[in-house]
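Reader: Could you take me through the contacts, the sheet and the aromatic residues of this model?

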Amino acid sequence: MAGLLVVAIAVVVGIFVYREKMARDKAEAPPFAVAGSSEPAHAGTVHDAALPQHPIGPASGSTAALPSLDQSDDAVLAGLLALTSDDALKSVLKPQAIVSRMVSTIDALPKQTIGMNIVPLRTPTGRFQVQSDDGMFVEAKKNVARYDTYMYVADRVNPKAAAAWYKRNYPLFQDAYRDLGTGGYFNDRLIEVIDHLLAAPEPKGTLQLIPAKEGYVYANPTYEQLSVGQKFMIRVGPENEAKLKAKLKALREAILADAPAG
């Protein structure tokens, strides 16, 4: 995700790629580079896109100037840790290029693949495991336990507090989104991705898996053709999927609250 706001999606959701096993088996990808500017604090403009569908509402709280994107990691990390009041997030979060990784991951969730070097979290420990069920490969139930820390982080974040933090720091997210070359408004993309995740199917029973060159794929092409983000929603199990969807709905509502007229 993730669920918090961007944290809920990027920090929780973004890490769970269906073929995550290969991320641990291969050499680590090159460091994620930040294309941010070294110019000093933002002067008040929060976006460069015309007529956003979901403009950001007024931010409250601190009026301190924001750092530039490429100098923002310390402030962003402190803000995220304050949202959880716990060290669990710090234990799994990559501390470099945090906002840029979040934005890149969120943008990629509705797609078929995602580069592991852009994901803002460390991968879960242990290997993805399967078991035999009537002669078919299915995901082992104990895999869900590998996501406990990430679900714990998501549970501790208040969606309203996360949305308020996001609004105060929105210029950083817009700068990172502009660096992707999209020319769009990041909050529009965020709401689109949340809606995409909320539309993830909720399969009943176990899903057959087929060994592939890298990990496993779903035997049912309907599920195999899902996006990275929707596969993640299935992977965490029905109980966690329901919890994440409830968090994402609350997060969406909090982000759109008090929004100015489009």
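Author: Gln230 touches His196, Leu197, Ala199, Ala200 and Pro201, leaving out residues up to four places away in sequence. Contact here means heavy atoms within 4.5 Å.

Reader: Before we continue, what kind of model is this?

Author: This is a predicted model, in which local features need pLDDT of at least 70 and side-chain atom pairs count only at pLDDT 80 or more, while totals for chains, interfaces and linings use all residues. Residues are numbered from 1 along each chain as its sequence is written, and side-chain values use heavy atoms, with hydrogens and water left out.

Reader: Where is Gln230 found? And is Gln230 buried or exposed?

Author: Gln230 is found in helix 11, residues 228-235. Helices (H or I, at least four residues) and strands (E, at least two) are DSSP runs, numbered from the N terminus. Gln230 counts as buried because its relative accessibility is 9%. Buried means under 20% relative accessible area, exposed over 50%, and partly exposed in between, with a 1.4 Å probe and protein chains only.

Reader: And Glu239, buried or exposed?

Author: Glu239 counts as exposed because its relative accessibility is 57%. Its place is in helix 12, residues 238-256.

Reader: How many bridges join strand 1 to strand 2?

Author: Four bridges join them, strand 2 being residues 136-139, and the two run antiparallel. Two strands pair if DSSP finds at least two bridges between them. Asp133 stands opposite Met136 in strand 2. The hairpin of strand 1 and strand 2 has two residues between the strands, and Asp134 there takes a positive phi near 55°.

Reader: What about the other pairings?

Author: Strand 2 and strand 3 run antiparallel and are joined by two bridges, with Phe137 opposite Leu209 in strand 3. Strand 3 (residues 208-211) also pairs with strand 4 in the antiparallel sense, over three bridges. The bridge partner of Leu209 in strand 4 is Tyr218.

Reader: What does Leu207 touch?

Author: Apart from neighbours within four places in sequence, Leu207 is in contact with Phe137, Val138, Tyr218, Tyr223 and Ile234. Leu207 belongs to the loop between helix 9 and strand 3. Leu207 and Val138 are 69 residues apart in sequence, and 6.0 Å apart in space from C-alpha to C-alpha.

Reader: Changing topic: which residues touch the most other members of the largest nonpolar core?

Author: They are Leu80, Val99, Tyr166, Phe173 and Phe186, in a core of 53 residues. A second, separate core has eight residues, including Leu209, Tyr216, Tyr218 and Leu226. A nonpolar core is a set of buried Ala, Val, Leu, Ile, Met, Phe, Trp, Tyr and Cys residues joined through side-chain atoms within 4.5 Å.

Reader: How many aromatic pairs does the structure hold?

Author: The structure holds nine. One of them is the stacked pair of Phe173 and Phe186, at 5.9 Å centre to centre and 15° between the planes. Phe173 lies in helix 8 and Phe186 in helix 9 (residues 186-198), 13 residues apart, and the pair links distant parts of the chain. Rings of Phe, Tyr and Trp (its six-membered ring) pair if their centres lie within 6.5 Å; planes under 30 degrees apart count as stacked, over 60 as edge-to-face and the rest as tilted.

Reader: Which residues form the aromatic cluster?

Author: Trp165, Tyr166, Tyr170, Phe173, Tyr177, Tyr185 and Phe186 form one cluster. Both Phe173 and Phe186 are buried.

Reader: How many residues of helix 8 are buried?

Author: Eight of its 10 residues are buried, so described for residues 170-179.
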